[in-house]
Amino acid sequence: MKLKRKTKLNKRLISVLQKNNGASLVLVAIIAVIIVAGVVVLRISTSALLASADKQMNQDRAYMIAVSLGDSIDKAIKNDKISDPHILNGFDDSANLSNAIPDSEVKVRVEDHPSGMDVYTVITVSSRVADAEYEYKLTYIQSGSVYVRQY
């Protein structure tokens with residue numbers, strides 16, 4: 001009984017499809033448009049994700065450059081290899097850096113900020129990679145002839 005019903009349904013479906021050749025062409029065209037639209041959306045999404053990843057990579061590089069140089073300066077001051085941080089004012093290591101990371105630069109700026117009887121020395125390490133920038137600041141207070149880092 002079920003087999004007869006299925007056979008009748010299949011015959012009816014086949015006859016409807018054979019009578020409506022134009023409808024099946026429209027159906028194929030709609031499916032093709034949906035597939036093409038899906039491909040276009042995937043392509044645009046992929047491009048946006050890759051652009052975002054490149055921007056994030058540049059931001060990460062700028063951060064690492066500034067923090068690395070800043071930590072090296074801090075270590076040198078702690079170990080008394082740099083007795084006066086003001087000698088770093090205007091330091092620019094962009095020429096060496098650009099060999100490793102194209103379109104990048106790193107600079108150091110040293111400023112004093114008086115606060116009552118104390119004078120705070122702020123060392124700012126600025127780095128740039130492509131369009132991403134990062135600043136790393138180290139703050140010191142002079143205690144006698146020694147600079148002590150303030151966190």
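Visitor: What makes β3 and β4 a hairpin, and which residue in the turn has a positive phi?

Guide: This is a predicted model, and in it β3 and β4 form a hairpin with two residues between them. In that turn, G144 has a positive phi of about 70°.

Visitor: How do you know that β3 and β4 pair?

Guide: Two strands count as paired when at least two bridges are found between them. Five bridges join β3 to β4, residues 146-150, and the two strands run antiparallel, so they meet that definition.

Visitor: What makes β2 and β3 a pair?

Guide: Ten bridges join β2, residues 118-129, to β3, residues 132-143, in an antiparallel arrangement, and the requirement is at least two, so the strands pair. Y120, for instance, has I141 in β3 as its bridge partner. These strands also form a hairpin with two residues between them, where A130 in the turn has a positive phi of about 55°.

Visitor: Why is D80 called exposed?

Guide: D80 has a relative accessibility of 57%, and exposed means over 50%, so the word applies. D80 lies in the loop between α2 and α3, and has a positive phi of about 60° although it is not a glycine.

Visitor: Why is D103 called partly exposed?

Guide: The relative accessible area of D103 is 47%, and buried would require under 20% while exposed would require over 50%, so D103 falls in between. D103 is found in the loop between α3 and β1, with a positive phi near 55°.

Note on methods. Residues are numbered from 1 along each chain as its sequence is written. This is a predicted model: local features need pLDDT of at least 70, side-chain atom pairs count only at pLDDT 80 or more; totals for chains, interfaces and linings use all residues. Side-chain values use heavy atoms; hydrogens and water are left out. Helices (H or I, at least four residues) and strands (E, at least two) are DSSP runs, numbered from the N terminus. Buried means under 20% relative accessible area, exposed over 50%, partly exposed in between (1.4 Å probe, protein chains only).
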